[in-house]
Amino acid sequence: MSKSFWGIFIIVLGVIAIFFVNFFQNITNADEQNFNLLKETTEAAMYDAFDFASYRAYGAIRIDREKFVENFLRRFAQNVNLGTTYKIQIYDVNEMPPKVSIKVSSSNTANFTGEVLEFDVTNKLDAILETPY
């Protein structure tokens, strides 16, 4: 009888361990996906917002603020997970020299024994457009 209880205990412990590994893997993947999406989207939006007219006329490297925000939001919205709510805060957009500061927050929820657990994942990025001389 005691050996059967040990067997049940090991099976229950294995199921609980698999649940926790899966739960924390989902949180980690959400953070990694958000950061990579933020980084790639910011870089692409900065290149799209590059002002070629000012570069040709004066040799100045600058970006257009409105174009950057429009391109960033469009690109970010195309690639996000539709089941997650995102909050995007654009703190600073310098046109010359090209620099942006962006913060993206998302909220992940999970049900655990009738309790709703909510985790906030926040990623912040400061980006400078570099060009070779």
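Analyst: The accessible surface of the protein in this predicted model comes to about 9400 Å², and carbon and sulfur atoms account for 59% of that area. Of the 133 residues, 29% count as buried. Three helices and three strands are present, and from the N terminus on they follow the order α-α-α-β-β-β. The radius of gyration is 22 Å, well over the 14 Å that the globule rule gives for 133 residues, so the protein is more spread out than a compact globule. Along the principal axes, the C-alpha trace spans about 85 × 30 × 20 Å.

In soluble globular proteins, nonpolar side chains tend to be buried together.

Leaving aside its neighbours within four places in sequence, Met 46 is in contact with Ile 63, Phe 68, Pro 98, Lys 99, Val 100, Ala 127, Ile 128 and Leu 129.

A search of the whole structure finds seven aromatic pairs. In one of them, the rings of Phe 19 and Phe 20 have their centres 5.5 Å apart and their planes at 65°, so this pair is edge-to-face; Phe 19 is partly exposed at a relative accessible area of 34%, and Phe 20 is likewise partly exposed, at 36%. In another, the rings of Phe 72 and Phe 76 have centres 5.7 Å apart and planes at 20°, so they are stacked. Phe 72 and Phe 76 are four residues apart in helix H3 and are therefore separated by about one helical turn. Phe 72 counts as buried at 0% relative accessibility, as does Phe 76 at 3%.

The charged pairs complete the picture, for the structure holds three salt bridges. In one, the side chains of Asp 48 and Arg 75 meet at 2.6 Å, N to O; because Asp 48 lies in helix H1 and Arg 75 in helix H3, the pair ties together parts that are 27 residues apart in sequence. Asp 48 is partly exposed at 32%, and so is Arg 75 at 24%. In another, Arg 62 and Asp 51 meet at 2.7 Å, N to O; Arg 62 lies in the loop between helix H2 (52–58) and H3 and Asp 51 in the loop between H1 and H2, so this pair ties together parts that are 11 residues apart in sequence. Here Arg 62 is partly exposed at 21%, whereas Asp 51, at 19% relative accessibility, counts as buried because the cut-off is under 20%. Lys 99, which is also a contact of Met 46, forms a salt bridge with Asp 92, with the closest N and O atoms 3.1 Å apart. Lys 99 is partly exposed at 25%, and Asp 92 is partly exposed at 26%.

Technical notes
Residues numbered from 1 in each chain as written. Predicted model: local features only at pLDDT ≥ 70, side-chain atom pairs only at ≥ 80, totals over all residues. Heavy atoms only, no water. Contact = heavy atoms within 4.5 Å. Salt bridge = Lys/Arg side-chain N within 4 Å of Asp/Glu carboxyl O. Helix = DSSP H or I, 4+ residues; strand = E, 2+ residues; numbered from the N terminus. Buried < 20%, exposed > 50% of the residue type's maximum accessible area, 1.4 Å probe, protein only. Rg over C-alpha atoms; globule rule 2.2 N^0.38 Å. Areas by Shrake-Rupley, 256 points an atom, 1.4 Å probe, with all protein chains shown as cover. Phe/Tyr/Trp six-rings, centres within 6.5 Å; stacked < 30°, edge-to-face > 60°.
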